[in-house]
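Reader: Could you take me closely through the aromatic pairing in this model, and through the parts of the chain that surround the subject?

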Amino acid sequence: MKPSQFVKPFWMILLSICFLTSNFGQIDPNTNPEKSLASSAIPNSNVTSLTLSKKEVVAGSTLEGTVTLAIPAQFGGSVVPLTSDNRAVIVPESVTVPMGATKATFTIRTETVEKELSATVKAGSAETQKSAIINIKPLIISSLTLSISNVVGGLTVRGTISLNGPAPSTGFNISLGSSNGTTARVPSQLTILRGQTSATFDIATSKVTADTPVAISGRPTDGSAGSITANLTVTLPLIPEIISMTTNPVMTATSQEFINFGFDRSMPSSHSVQLNSSNPTVIAVPPTLNIQIGGQSNFRLTVTPNQVVSDTNVTITAISGNSTKTVNLTVRPFRLESVIFNSNNVLGGTSVVGTLTLNLPRNAETIISLTTSDASVSMPTSITILNGQTTATFEAFTQAVTSQRNANITATLPNSLGSKLVTLTISPIAIETLTLSNSICDLTKVCRNNLSGTISLNGTAPQAGVTIALDSNQPQNAAVPTTL
């Protein structure tokens, strides 16, 4: 080999090294490496595929596209140009596949369209260009639903309007309408907020004299397609069903109790309930009860049973529409159970305590009258047993008598509901015994100071005491006081 042939290639190699060194030396150390790489990216037409995250979208939505290269991108990355053949589909001018990668994604935005259309997105240069088709549907009202299709006039219905996709950043405005604004009233407009797919509204109904159909409609305020209608029927008040009927199962004659009714729905107007009593002699109820409750679902009926002589069962029946409920009641007679004195035998001039007892408590005061058959007994003319109580006490005073007497004490309930009689025996006060401490006394000795006597009565002395006369047949030998 000639020397000239050897030197020339070596010189060229040195020149190439110097050229590369000179280029690297021109890189600004303060430059962002990513920007440097991006700016040095070179076009790459070796695109093998273009895929989309969705093939069909609603206008205003976004989706992603992915480009794939046949080989990894070289130093600086590879720039892939992007295009769309429809202004409703917006893509960036290009997407850069990073160095060493084969794929890159990009965002595709869609604009509002009036009708369904297709758009083609292309990636790459003409030699190996790849394409994908997007179907775009206009944003429209997809449904109008009602919480109930048949409603009693006077109640409120909830309506819901849904879109086939999320509302845009400005929201989606809908005009609402009613074919009968007197019977069913709706707001004039409804807005579905950004990113939302539905919104609700209230429909206020009025009372009607006959079932009335009403069409509720919604349409976009911009006049675009997608109007929709839902049918509502405003009806006469339905007959409510009785779901509960309760009361106190035990009643006392002449007392009052409540019967509580519960219905399955609120009533906007009056309603009639049929009532029946199995024993109207004991508990009478009206044949029809008209309820004026303005939307409530509970009410009560007051019943007062008549006097009975023994426990009596009564069934109350209520009928509303197809529902029937009953309650069973036991009515117990209200009576004076007893009149008892702490002692039925009393000495004249003393007192005894009497107790009145009812068989059951009442929810009201009970006044019981008292009478005596003998004037030697005095007591109150009446005694009151308080609400909820069953007993009360009183005191009877007697006068002194010279012979035993019987006094009949009678306690009587009001309204001739019964009475009780008890006999009080009044005895005169008498000396039972007279005893001396020493019955023998030696007259030759002084013993009178050592002699005492004790008198016992047949009962307790009255509060005023008892005066007893004393006498001795030998006052010169045994002197006694004249009275004690």
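Author: What follows looks at the aromatic pair, then at the core and at a sheet. The model is a predicted one, and a search of the whole structure finds one aromatic pair. Phenylalanine 341 and phenylalanine 394 form this pair, with 5.8 Å from centre to centre and 75 degrees between the planes; the arrangement counts as edge-to-face because the angle is over 60 degrees. The pair links distant parts of the chain, since phenylalanine 341 belongs to strand β28 (residues 336-341) and phenylalanine 394 to strand β34 (residues 391-398), 53 residues apart.

Phenylalanine 341 counts as buried because its relative accessibility is 5%, and phenylalanine 394, at 4%, counts as buried as well. Phe341 is also one of the residues that touch the most other members of the largest nonpolar core, which has 47 residues, and Ile283, Ile316, Leu336, Leu356 and Ile368 are the others named in that group. Leucine 336, leaving aside its neighbours within four places in sequence, is in contact with Leu356, Thr357, Leu358, Ile368, Ala411, Leu413 and Lys420. A second, separate core of 26 residues includes Leu50, Val80, Ala104 and Ile134.

Turning to the sheet, five strands form an open arrangement in the order β29-β36-β35-β31-β33, with mixed pairing. Its edge strands are β29 (345-347) and β33 (382-385), each of which pairs on one side only, and neighbouring strands of this sheet are turned against each other by 30 degrees on average, direction ignored. Strand β29 pairs with β36 (residues 419-427) in the parallel sense over three bridges, and valine 346 has isoleucine 426 as its bridge partner in β36.

Terms used:
Residues are numbered from 1 along each chain as its sequence is written. This is a predicted model: local features need pLDDT of at least 70, side-chain atom pairs count only at pLDDT 80 or more; totals for chains, interfaces and linings use all residues. Side-chain values use heavy atoms; hydrogens and water are left out. Rings of Phe, Tyr and Trp (its six-membered ring) pair if their centres lie within 6.5 Å; planes under 30 degrees apart count as stacked, over 60 as edge-to-face and the rest as tilted. Helices (H or I, at least four residues) and strands (E, at least two) are DSSP runs, numbered from the N terminus. Buried means under 20% relative accessible area, exposed over 50%, partly exposed in between (1.4 Å probe, protein chains only). A nonpolar core is a set of buried Ala, Val, Leu, Ile, Met, Phe, Trp, Tyr and Cys residues joined through side-chain atoms within 4.5 Å. Contact means heavy atoms within 4.5 Å. Two strands pair if DSSP finds at least two bridges between them. Axes are lines fitted to C-alpha atoms, for helices over the stretch in contact, and angles run from 0 to 180 degrees between N-to-C directions.
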